[in-house]
Amino acid sequence: MTTPPRDGLAPDFLSDLFRHPLDPGYADAAARRAEHGPRPPWRRRGAYGLKVLTLVAIGFLLAVAYRQAVKAEPEATRAHAGLVGEVKSAQTATDDLQNQSDQLRRQVSDAQAAALGADAAELRQLRQEEAATGLAPVTGPGAVVRLVDAPTPIDPNTGRQSDQPVNRVLDIDLQGVANALWASGAEAIAINGQRLSTLSTIRTAGSAILVDFRPVTSPYEVSAIGGPNMLGTFNHTPTAATMHSLVTRYGLSFATRSEDHLQLPAAPAPALLYARPEAPR
Amino acid sequence: MDDLRRRKRISAAGAVIGLLVGLLAFALVVQVKSNTSGDTALANARQDDLVRILSDLNARELRLRTDITQSQGTLSQLGAGAQGREAALNEARRRADELGILAGTLPAVGQGLQIQIVRGSAAVPASTVLETGEELRGAGAEAMQIRGSTGGPVRIVASTAFVDGPAGITVDGVLLTGSFTISVIGPGPTMRTALTIPGGVSDAVARVGGTVIVDEPASVTVDALHASTELRYAKPAD
Amino acid sequence: MIAVLALIAGVVAGILIEPTVPVYLQPYLPIAVVAALDAVFGGVRAKLDKVFDDKQFVVSFVSNVLVAAFIVFLGDKLGVGGQLSTGVVVVLGVRIFGNVAAIRRHLFKA
């Protein structure tokens with residue numbers, strides 16, 4: 001700006017910025033004072049008064065900005081953090097209860113089969129049937145398909161999430177992925193920990209997706225237990241192609257990966273109200 | 001003497017440096033861990049979503065506790081005297097029946113609907129049939145089977161997949177063409193309503209030139225059977 | 001001395017009066033704060049360098065805040081609001097860092 005070039009090279013704006021962060025006006029004013037002597041008292045007092053006023057204004061500005069920044073946030077963030085804590089502890093509690101319930105159901109099923117006089121082979125058949133219908137927890141190798149909503153746009157001024165609608169994963173997407181996984185040879189599927197059984201539903205209610213009437217939120221992990229060819233076959237299905245096109249068009253995220261060890265919980269215990277066996281046993 | 005003092009000073013400064021670097025490393029690790037943990041989904045969720053998730057978790061906890069009490073009751077019944085045992089045996093048979101119906105290895109009967117998806121000029125896509133199945137399940141369907149003008153009937157269970165095939169759809173490997181008939185056992189009026197919601201199945205079928213005809217007979221039989229699946233990769237967890 | 005008292009008086013006034021900031025001004029508040037800080041640190045450093053000038057201080061504060069707010073406003077209208085505001089914050093931040101480093105050299109001789 002006003003500094004002479006060094007080594008014959010003209011300084012560019014950036015190096016000047018880094019080397020001389022102080023306004024050159026100060027140096028100029030000091031040089032002028034050295035040359036002409038101090039300014040007339042009325043001008044000095046005017047500048048002094050303005051300076052005091054400016055400082056008051058700066059203090060005011062800082063206080064207002066601080067209060068503005070602090071005003072909306074703490075209540076909301078504290079309540080939010082409290083809620084998140086509650087949800088997490090509720091999740092661990094229900095996970096523990098789920099394990100306990102699964103174990104007891106297994107015991108009941110074994111005891112009932114034994115009471116009906118089932119032998120070891122029938123018992124094994126029973127367990128297989130339960131596993132196949134989603135009524136017993138299962139483990140095995142398989143794959144996970146991960147779908148994530150498009151990221152919320154950030155308002156550039158406030159740095160916070162703007163209120164514009166977001167492109168979401170829909171229930172039909174999850175239905176299609178589950179369907180394609182079954183078609184590719186999956187033997188058990190769970191979405192975000194909710195096992196799919198004969199009675200399972202994947203539906204949208206408002207802004208959330210419900211699996212078996214329980215909400216699941218983005219990111220959605222569809223875990224499937226199956227053979228080594230399952231993932232390859234799935235990636236060639238029309239559903240996978242549709243998902244890829246959704247990624248490019250709407251900014252959703254879609255990824256697949258293999259897993260060596262998956263554990264899927266049991267679906268909730270069924271209670272058939274309308275269907276009964278055709279011939280009484 | 002000078003050497004000693006210098007060494008002491010160096011080690012004091014070195015100690016401070018070491019402490020600061022250690023703090024930095026600690027902060028880095030904590031930050032990376034907090035970013036990569038799965039909590040980000042919850043942390044970014046909106047207030048209403050969190051409240052709803054919490055209330056649903058509480059409802060689920062309640063249901064699990066009921067299930068647990070029930071299981072414990074059944075277990076003690078099975079170990080009890082003759083009368084308790086009789087009740088327990090009946091319960092056992094009922095559960096085995098339920099399992100068979102859900103697995104598709106037992107035929108079932110009950111009130112329900114006969115749904116005809118009549119094909120128009122174009123074939124009804126598999127995605128529409130999939131949507132129909134999901135809507136019916138959401139409305140409380142307990143057992144379903146589907147047949148086509150050619151092909152079927154095929155029992156619909158959890159693992160049933162609907163794929164578009166030549167001139168029709170493939171359901172669990174069986175090709176069905178023409179118009180489809182779905183027999184479903186469940187609450188009739190609720191299921192009928194689920195099919196006719198705007199933007200749902202009826203509209204989807206109408207879009208390809210077809211029509212949906214719903215009939216509510218006195219009783220519906222679902223007797224197509226699903227072969228017992230041999231699970232090769234999924235093992236019951238202990 | 002008067003300067004520090006004036007600053008404190010402004011802070012106290014801001015706390016006591018509790019003005020509600022109109023919505024259209026809210027996005028400019030953070031940038032105004034950074035611009036004000038740049039002027040303050042520049043002034044302190046000038047004081048320590050013994051080249052402080054009252055008029056220069058006032059002018060630098062007012063022009064910093066106005067120019068920064070104007071650039072952000074223009075950026076909003078052009079659709080590059082986020083990037084321009086980042087640029088402004090970067091430049092002001094560099095100046096603040098440079099002046100604070102000089103102040104530190106004066107104070108701690110380190």
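Hi everyone, let's begin with the A-to-B contact: 74 residues of chain A are in contact with 74 residues of chain B, where contact means that the C-beta atoms of two residues, placed from the backbone, lie within 7 Å. Before I go on, this is a predicted model, in which local features need pLDDT of at least 70, side-chain atom pairs count only at pLDDT 80 or more, and totals for chains, interfaces and linings use all residues. Residues are numbered from 1 along each chain as its sequence is written, while chains are lettered from A and ligands numbered from 1 in the order in which they are written.

As a reminder, strands of a sheet pair through backbone hydrogen bonds, either parallel or antiparallel. We call two strands paired if DSSP finds at least two bridges between them. An open sheet of three strands runs in the order β9(A)-β1(B)-β9(B), with antiparallel pairing. Its edge strands are β9 (276-277) of chain A and β9 (220-222) of chain B, each pairing on one side only. Two antiparallel bridges link β9(A) with β1 (residues 108-110) of chain B, and A:P277 stands opposite B:A108. Elsewhere, β1(A) is joined by two bridges to β10 (residues 235-236) of chain B, again antiparallel; there, A:T139 has B:K235 as its bridge partner.

How many of the six residues of β7 (residues 220-225) of chain A are buried? Five of them, so the strand is mostly covered; buried means 20 or more other C-beta atoms within 10 Å of a residue's own, with C-beta atoms placed from the backbone, 12 or fewer is exposed, and in between is partly exposed.

One residue I'd like you to find is A:T198, in the loop between β3 (194-195) and β4 (202-205) of chain A. Why does A:T198 count as buried? Because A:T198 has 26 C-beta neighbours inside 10 Å. Leaving aside neighbours within four places in sequence, A:T198 is in contact with A:T133, B:L102, B:V157 and B:A158. The C-alpha atoms of A:T198 and A:P270 are 9.5 Å apart, although the two residues are separated by 72 positions along the chain.

A quick look at chain B itself, which has seven helices and ten strands. Of its 238 residues, 35% are buried. Among contacts in chain B with a separation of 6 or more, 74% are between residues 24 or more positions apart.

Finally, chain C. The contact between chains A and C takes 32 residues from chain A and 43 residues from chain C. On the chain A side, α1 (13-19), α2 (24-36) and α3 (41-115) each supply at least two residues, and the largest share, 19 residues, comes from α3(A). That side divides into 23 nonpolar, six polar and three charged residues.

Within chain C, α3 (residues 54-78) and α4 (residues 81-108) have axes that come within 7 Å and cross at roughly 160 degrees; axes are lines fitted to C-alpha atoms, for helices over the stretch in contact, and angles run from 0 to 180 degrees between N-to-C directions. α3(C) and α4(C) are therefore roughly antiparallel, the word for angles over 145 degrees, with under 35 being roughly parallel, 65 to 115 roughly perpendicular and the rest oblique. The residues in contact include C:A68 and C:I71 of α3(C) and C:L84 and C:V88 of α4(C). Thanks, everyone!

Terms used
Helices (H or I, at least four residues) and strands (E, at least two) are DSSP runs, numbered from the N terminus. Ala, Val, Leu, Ile, Met, Phe, Trp, Tyr, Cys and Pro count as nonpolar, Asp, Glu, Lys and Arg as charged, and the others, Gly among them, as polar.
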